Number of protein chains: 2
Amino acid sequence: MTEVGLAKEQLDTPVLWVDLNILERNIALLVEHFRRAGVNWRPHVKGVKVPELAHMLVDAGAIGVTCAKLGEAEVMAAAGITDILVANQVVGPRKIERLVRLARTADIKVAVDNAENVNALSQAATEQQVEIGVLVDVDTGMNRTGVQPGPAVVELARQVHAASGLRFLGLMAWEGHTLVHKETDVKHGAIVRAVELLTKMAADCEAAGLPVTIVSGGGSGTYKVTPFLPNMTEIQAGGAIFSDVAYSGWGVETTPCLFVRSIVTSRPAPDRMVFDAGYKALPAWIAQPKPIGIDHIVKYSTSAEHGVITLSEPNLQIKVGDVFDFVVGYTDSTLFLHNQLYGIRNDVVENVWTVSARGMLT
Amino acid sequence: MTEVGLAKEQLDTPVLWVDLNILERNIALLVEHFRRAGVNWRPHVKGVKVPELAHMLVDAGAIGVTCAKLGEAEVMAAAGITDILVANQVVGPRKIERLVRLARTADIKVAVDNAENVNALSQAATEQQVEIGVLVDVDTGMNRTGVQPGPAVVELARQVHAASGLRFLGLMAWEGHTLVHKETDVKHGAIVRAVELLTKMAADCEAAGLPVTIVSGGGSGTYKVTPFLPNMTEIQAGGAIFSDVAYSGWGVETTPCLFVRSIVTSRPAPDRMVFDAGYKALPAWIAQPKPIGIDHIVKYSTSAEHGVITLSEPNLQIKVGDVFDFVVGYTDSTLFLHNQLYGIRNDVVENVWTVSARGMLT
């Protein structure tokens, strides 16, 4: 039974849906933003996961996609996306074998921050006669993965450049640590300092005779600043196509368009209502979802299967069976929980997309 | 390609696996525990989700299963589980239609706490000529769903008993609010007080001439106390079959047997290591996962795709490519993220189960 053509009201809850009018407007804004900045756009799809949406982004002007996991990249490549950066370390013989296989069907690029991993990638690529594009991952302050800025970056880049089966393409970093700053000018300064560490390393590599064609970074939380900094070639911001409560707090100016629709299952007290969306459907982990049409919320809590809203004053209007749309708290901790994403335009279902890259954890 | 018979070491990461020897021992311990208490066991499978495991529990002596969502119940019924309690409110015409359909193929029981919902259930069941078992949900202090203890419970029970198409079976509650107490005797007292509210309501219903055959409650966090309190007829504890870091803290005495195996993808500093399991595979939401074989952890953090461990002292032994097993932090916020659960005995894969009820959110 296809649900295309149904009214939004006819869908069972909880259901994840995207407002297509807003989504298209968001994508157009981002494309124009990056065009003005003169950078390429390689949207991260770890929080998008639907190949049809990835194609929509490429059709709008993205040069390809960024993935976090090899499994996601396999889904995207199988769906016909040809230019894919796995912005993460691919480690271990089983994954490297899969990466090499994938390199036969798509232009695959991968991040590295470790000499032995470079050797393993080179050996596998050489044996299987494929070429894998490589970016050196630089830690510009995030304190997660990556080589510390300095001679070690150039050294690893040189190793990659010299390795058979690998093609040194440049550098990448994610300045995600700058999102902690609430004040615009403080955050701006932190982004500039982080990105300069990356572009300085790119200059050092070039000075050492290494051909840098890609300098990649910039997420949705920094997309307004990073693209305009000199010598960045591409931006990975992806979640900004949806936006959400968290992104709105991080200065993302696109309009939230990803929602979970949920029904009131219990009204146990005048100041309390219970929904059929707990943390398995609509988590409040990183930011609290925002129900449209419910005010005076003093507490929003989730257990596995229940969302509970407590109000500061009694509400006798909202009844068991009423349905509300919630603006998602953080898209990247929500979308991947659902099997389907509904594309809705003017309250009618236009698409029922399978979240194909869901659960592609390896 | 079947992975049955592979060594654990041959599996790609991150991978969710259960130690079958420990699992079987845990199940036997729980069966014996509830047998001694003289109560039925109806394990909650919201955190189990694999029908083959549900069958294992029923084969060991459980009378049926408890589900949180109708979608889970549909998966369990389709797999041949015949006695199912949906310990949650089923609300709205679409879900009630599904519930009625399900009642044709399995003995379905559902929780109610609202008169209009009872009317809607009765009308649908009568029209479709099925009978649905009903338990009145009582709020014994959890402050989530349920009727407040008092005359309103008996009133709703009377309505159910009189309603055509419905069969009043008894009462249920979840005394989950007692888990906040760390001290054993304080927690014990809180459980006793909560459960007495429930059993008192059951006595009131019987005094009003209503036939109470089921008084259901007790989760993994209270399974040591609740079964031994008078007039409880069945216990819903399910997660205790696995146990985990959170349950260990809540006094669950079964042995943790659910693990996520993850590979070190980056060693950016002597005191930091990065794994390929972030919150999409191994969340630290409710309790922090515990890696086996890594000591001196001062910080465990997760982003979407990375797990990061910071140590209090340098470690130069652990290298990129090393693989560790993590005891899951909280099974019910972890298992449902995975597409497969591997059953492993003596380091060899014996089962590759599909997590069939994954994503059954409606």
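This is a predicted model: local features need pLDDT of at least 70, side-chain atom pairs count only at pLDDT 80 or more; totals for chains, interfaces and linings use all residues.
Me: Why is the meeting of B:Lys95 and A:Asp276 called a salt bridge?
Reply: Good place to start! A salt bridge needs a side-chain nitrogen of Lys or Arg within 4 Å of a carboxyl oxygen of Asp or Glu. The N to O distance between the side chains of B:Lys95 and A:Asp276 is 3.3 Å, so the pair meets that rule.

Me: How many salt bridges are there between chain A and chain B?
Reply: The count is 10.

Me: Which elements of chain A give two or more residues to the side that touches chain B?
Reply: They are β4 (83-89), α4 (93-102), β10 (258-269) and β11 (272-275). The biggest giver is β10(A), with 5 residues. By kind, the residues on that side of chain A are 20 nonpolar, 21 polar and 18 charged.

Me: How much area do chain A and chain B bury between them?
Reply: About 4,700 Å², with 52% of it on carbon and sulfur atoms. In chain A, the residues losing the most area to chain B are A:Arg144, A:Lys280 and A:Leu361, together 14% of what that side buries.

Me: How do you know that the same surface serves both copies?
Reply: Of the contact residues of chain A, 98% recur in chain B. The contact takes 59 residues from chain A and 58 residues from chain B.

Key. Residues are numbered from 1 along each chain as its sequence is written. Chains are lettered from A and ligands numbered from 1 in the order in which they are written. Side-chain values use heavy atoms; hydrogens and water are left out. Contact means heavy atoms within 4.5 Å. Buried area is the accessible area (1.4 Å probe) that two parts lose on being put together, summed over both. Helices (H or I, at least four residues) and strands (E, at least two) are DSSP runs, numbered from the N terminus. Ala, Val, Leu, Ile, Met, Phe, Trp, Tyr, Cys and Pro count as nonpolar, Asp, Glu, Lys and Arg as charged, and the others, Gly among them, as polar.
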